[in-house]
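Here is a short tour of a protein model and its ligand site, written for someone who likes to know the cut-offs behind each term. Have the viewer open as you read.

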Amino acid sequence: MPITKAFTTEIDYVSILDEHGNFDAQLGSDLISNDELVQLYEQMLTSRRFDEVAFKLQRSGRMGTYPQNMGQEATSLGAAFALEPHDWLVPCYRENTGLFHRGLPMEYILLHWMGDERGNQIPRELFMTPLAIPIGTQMLHATGLAWASKYRGESNIACTFFGDGATSEGDFHEAMNFAANLDIPVIFFCQNNHWAISVPGHIQCSAPTVAQRGVAYGMDCVQCDGNDIFAVTKVVKDAAQRARDNNRPTFIEAVTYRLGDHTTADDARRYRDEEEVEMWKTRDPMIRMRDHLKSLNLWNDSKEAAATEKAETLVAEAVKRAEEIAEQPVSEIFDSMYNTIDDPEMIRQRQTMRTSSIGQDPTQVESTEQVN
Ligand SMILES: Cc1ncc(C[n+]2csc(CCOP(=O)(O)OP(=O)(O)O)c2C)c(N)n1
Ligand SMILES: [Mg+2]
């Protein structure tokens with residue numbers, strides 16, 4: 001018998017507005033209105049400003065650590081824009097722009113990185129989960145949320161964000177397998193920013209695209225230019241349609257680049273070539289968007305100056321709210337974890353913040369306030 005093909009496939013690459021300003025009018029015409037485009041650009045400006053300020057807060061000892069989002073604004077923003085307000089956003093930690101678009105007050109992200117648990121208590125009506133720092137765990141949560149929604153006959157789907165490095169985690173493969181085989185309306189949105197801290201993409205993935213990892217699960221897969229908000233909007237809208245109409249998941253690989261260090265605890269100059277960074281700066285999603293707005297006569301230098309000033313004010317106000325929030329008692333650790341505390345041992349621990357099992361004095365009372 002001759003050898004035949006058991007399976008062949010191709011992965012689409014979607015680009016609508018490239019870094020040279022070329023715009024595919026056929027694909028891009030009805031995706032984003034002019035007014036929306038201006039708003040989205042202003043949101044990018046605000047998020048970029050937030051990034052700068054958060055970085056300085058860390059450097060001046062006012063915040064623990066911070067991962068800059070710079071260069072990746074179009075990914076989460078395009079996705080949040082393309083989805084419905086009740087669709088779940090299930091982020092990792094580089095999606096500020098999309099979360100702010102959905103309505104998350106900026107101080108929540110500041111509080112999170114300041115180590116204040118209140119930054120994770122996301123208002124229910126925003127349909128988003130807190131930042132996930134353990135790599136990959138959130139993809140399982142997104143699959144569960146979307147499964148619950150399908151089970152209850154609700155119309156909301158879930159979209160989860162993660163990096164290229166996260167696709168090497170077991171959780172990623174379990175979530176993908178589960179979602180594909182149980183027909184779960186979830187979008188897996190990979191932000192391939194070429195690095196997982198100091199590990200380059202080609203070490204994480206030997207295949208030519210990360211997108212094709214989803215093919216193994218029988219899932220629709222697509223790659224797009226992640227610095228092109230039009231391309232991101234289109235692939236997410238298509239994926240959302242597929243999820244809503246047929247409960248089918250989609251795997252999206254958005255190709256982008258992390259212009260900053262991994263976090264404030266990193267120095268990327270130790271492992272990245274400067275030329276690579278310089279080349280990606282020319283593909284900055286904000287420059288592309290601004291030039292496009294100017295070409296449509298929707299933007300000029302005075303609008304840029306006014307929007308920059310507004311962004312500075314908004315961020316300064318958020319910093320003020322985060323830094324002026326009333327301090328919490330240490331016993332809050334118990335209160336945010338348990339609905340009620342009626343076990344005498346727990347009451348004692350809450351009062352003393354000690355466990356007798358490690359030999360500390362249980363009578364040493366740290367908190368003088370009343371226990372529930
Ligand atoms: C389970 C787990 N392992 C290791 C880490 C340490 N860690 C933090 S970020 C990171 C790299 C993630 O890379 P990628 O998924 O590409 O996301 P990016 O930061 O590039 O957006 C690692 C290994 C972690 N947070 N969680
Ligand atoms: Mg990465």
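Strand β7, helix α9 (residues 229-246) and strand β8 (residues 250-255) build a right-handed β-α-β unit. Right-handed means that, with the strands pointing away from the viewer, the path from the first strand over the helix to the second runs clockwise. Helices (H or I, at least four residues) and strands (E, at least two) are DSSP runs, numbered from the N terminus.

This is a predicted model, in which local features need pLDDT of at least 70 and side-chain atom pairs count only at pLDDT 80 or more, while totals for chains, interfaces and linings use all residues. Residues are numbered from 1 along each chain as its sequence is written, and chains are lettered from A and ligands numbered from 1 in the order in which they are written.

β7 (residues 220-225) has five of its six residues buried. Buried residues have 20 or more other C-beta atoms within 10 Å of their own, exposed ones 12 or fewer, and partly exposed ones fall in between; the C-beta atoms are placed from the backbone.

Six bridges link β7 to β8 in the parallel sense, and Asp220 stands opposite Thr250 of β8. β7 also runs parallel to β1, with three bridges between them; here Val14 has Cys224 as its bridge partner. Two strands count as paired if DSSP finds at least two bridges between them.

## The whole sheet

Reading across the open sheet, the six strands come in the order β1-β7-β8-β4-β3-β2, with parallel pairing. β1 (12-14) and β2 are the edge strands, each pairing on one side only. On average, neighbouring strands are turned by 20° against each other, direction ignored. The axes behind such angles are lines fitted to C-alpha atoms, for helices over the stretch in contact, and angles run from 0 to 180 degrees between N-to-C directions.

## β3, covered on both faces

In a regular strand, side chains alternate between the two faces of the sheet. For β3, Ala158, Thr160 and Phe162 lie on one side and Cys159, Phe161 and Gly163 on the other, and all are buried.

β3 runs parallel to both of its neighbours: three bridges join β2 (residues 88-90) to β3, and six join β3 to β4 (residues 186-192). Leu89 has Cys159 as its bridge partner, Phe161 faces Phe189, and Gly163 faces Gln191.

Thr256 sits in the loop between β8 and α10 (274-281). Thr256 is buried because 28 other C-beta atoms lie within 10 Å. Phe172 is 84 residues away from Thr256 in sequence and 20 Å away in space, C-alpha to C-alpha.

An automatic or database domain assignment sets the domain bounds: domain 1 spans 12-324 and domain 2 spans 328-372. Their centres, taken over C-alpha atoms, are 39 Å apart.
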